[in-house]
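Welcome! Let's get to know this structure together, one question at a time.

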Amino acid sequence: MAMTDKVQDEIVEEFSAFDEWLDRYEMLIGLGNELPPMDPSHRNEQHLIEGCQSRVWVDARLEGGRVYYSADSDAIITKGIIALLIRVLDGRTPQEILDTELYFIDRIGLRENLSPTRANGLAAMVKQMRLYALAFAAADGGR
């Protein structure tokens, strides 16, 4: 639990270095560019997130009791946002993911600086990432 908060605090600190949102957007774009490429076969309807203005694909796998995400988007800002979400949630147990309150989103002013459609997309991405964790937790508990 504390680990995800540590990562969120790092993100808040990195973004607080910039006063201007233009600079923060540039940082988001940079983060999106660093996102490891997603397996092209996963860029399909099944992994496409509903409710996003741009196209966003998210996939997850459970390995050793931890969830690992891969994602891609055809929009540079959105790709940066999903990169941040992955940074916070990747490699955690399903329960940790479900218990994590993503406070960094408000702390860095992300939500208030997104258009309503992008903010809806952000909520949809978070929801999908949690749904994967929920499915893994249920499958694990059902054994």
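**Salt bridges and strands**

Q: Is D72 buried or exposed?
A: This is a predicted model, where local features need pLDDT of at least 70, side-chain atom pairs count only at pLDDT 80 or more, and totals for chains, interfaces and linings use all residues. Residues are numbered from 1 along each chain as its sequence is written, and side-chain values use heavy atoms, with hydrogens and water left out. Buried means under 20% relative accessible area, exposed over 50% and partly exposed in between (1.4 Å probe, protein chains only). D72 has 9% relative accessibility, so D72 counts as buried.

Q: Which residue meets the side chain of D72 in a salt bridge?
A: A salt bridge is a side-chain nitrogen of Lys or Arg within 4 Å of a carboxyl oxygen of Asp or Glu. Here the N to O distance is 2.4 Å, and the partner of D72 is R43.

Q: Where do D72 and R43 lie?
A: Helices (H or I, at least four residues) and strands (E, at least two) are DSSP runs, numbered from the N terminus. The pair links distant parts of the chain, 29 residues apart: D72 is in strand β2, and R43 is in the loop between α2 and β1.

Q: How many bridges join strand β1 to strand β2?
A: Two strands pair if DSSP finds at least two bridges between them. β1 covers residues 56-63 and β2 residues 66-73, and the two run antiparallel. Among the partners are V56 with S73 and E63 with R66. The number of bridges joining β1 to β2 is eight.

Q: Which residue in the hairpin turn has a positive phi?
A: β1 and β2 form a hairpin with two residues between them. The phi in question is about 60°, and the residue is G64.
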